[in-house]
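Biologist: I am new to this structure. Show me how to read its parts, please.

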Amino acid sequence: MAVKSIIPMTYKVDWFQCTESSDIEKTVTIFNSKFWKFLEKIGYKLSDLETVAPRYFYNTGLSLGRYFNVYYDDESKGLNKYSPCNILIIWTGQGTTDLALKLSKYFKTDDFSEVWYEFFKVVIKLNLRVKRLDIALDDYNSCLSFDALENKLRKRQFKSSKRTYNIVKDKNTDGQTRGETIYLGTRKKHQDGYLIRFYDKYAEYKSKGAILPVEVENVVTGMGTHKWQRYEMELHGKACLSFIKQFLGGMPFGELYMGLMKNAIVFLDPSSSNKNRNYWKITGWWKDFLNGAKKCNLVEPSADPDIGR
């Protein structure tokens, strides 16, 4: 069941991936990319990037700490026949934190809704193709019970636009559950929709021995909620562009997230007198969660290393 939050839930952009093409240039490289020129303005430097193995049929790869990755074609090396002839730029979870802080400094604002608004304006202006956008809602109080979610799914007490769900549990050799992830939907090649993950971020950090945010666990005082769950949406293709355009049109992150979540799944309380799910009422704790999610804001992202990516 949902419980009253002590630390407010907050949003974080947790992955951003886009490509830039050109009608003029045969191939877009880091040297003729308009987007790269903007990234240089906010603080990225070519000299900070290291050469890495190319991927996705590109012949050149560059990276900053493996959390900011650039792939393109150097024509002097010869092109792969499957090359898209564009430039691909990827920020992982840790990378989007770095990007947000750079944008905050560049746009001179600590309002992270404004930070991402200005960034998305650049994305649209340059006609970038957004391939993937992850939106994470961090919950430091376990407002949702994984047992309750699992129970509703197994009993099929829900309505969903997603055809599949999957529950993955990480267990130790004694059979004790150390962490859990619930997936709604599946990741498909060239997908234009989205999938959802509910997972135990606290268990993930503890299993890897990573340092937790102080509000979760203060190693000096022992204080903290000792809870951290993440409810994440992974958007692809047209769903990314739709999200961005609605956000630029004035719709708050919270309302967009809540709308996508409601479209994906609604948990229900069965009726003893009617077996038709269309007449069942929305479960109270799910309604409370959606209303709470609607009111949450984008905040300054804390350090979040890419664990298990």
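Biologist: Which residue in β11 stands opposite Asp 134?

Modeller: Strands of a sheet pair through backbone hydrogen bonds, either parallel or antiparallel. Here, Asp 134 stands opposite Glu 234 in β11. Strands are DSSP runs of E, at least two residues, and helices are runs of H or I, at least four, both numbered from the N terminus. Two strands pair if DSSP finds at least two bridges between them. This is a predicted model, with residues numbered from 1 along each chain as its sequence is written. Local features need pLDDT of at least 70 and side-chain atom pairs 80 or more, totals for chains, interfaces and linings use all residues, and side-chain values use heavy atoms, without hydrogens or water.

Biologist: Which strands pair with β11?

Modeller: Strand β6, residues 129-139, pairs with β11 in the antiparallel sense over 8 bridges. Tyr 194 has Leu 235 of β11 as its bridge partner.

Biologist: Which residues touch the most other members of the largest nonpolar core?

Modeller: A nonpolar core is a set of buried Ala, Val, Leu, Ile, Met, Phe, Trp, Tyr and Cys residues joined through side-chain atoms within 4.5 Å. In the largest, of 79 residues, they are Phe 68, Phe 120, Phe 198 and Trp 286. Contact means heavy atoms within 4.5 Å. Setting aside neighbours within four places in sequence, Phe 198 has contacts including Leu 144, Phe 146, Arg 230, Tyr 231 and Trp 286.

Biologist: What is the strand order in the open sheet of 3 strands?

Modeller: The order is β7-β12-β13, and the pairing is antiparallel. The edge strands, β7 (158-160) and β13 (281-282), each pair on one side only. Strand β12, residues 265-269, pairs with β13 over 2 bridges. Asp 269 stands opposite Lys 281 in β13.

Biologist: Which helices and strands make up the chain, by count?

Modeller: The chain has 8 helices and 14 strands. Buried residues make up 50% of its 309 residues. Its C-alpha trace spans about 70 × 50 × 45 Å along the principal axes.

Notes:
Buried means under 20% relative accessible area, exposed over 50%, partly exposed in between (1.4 Å probe, protein chains only).
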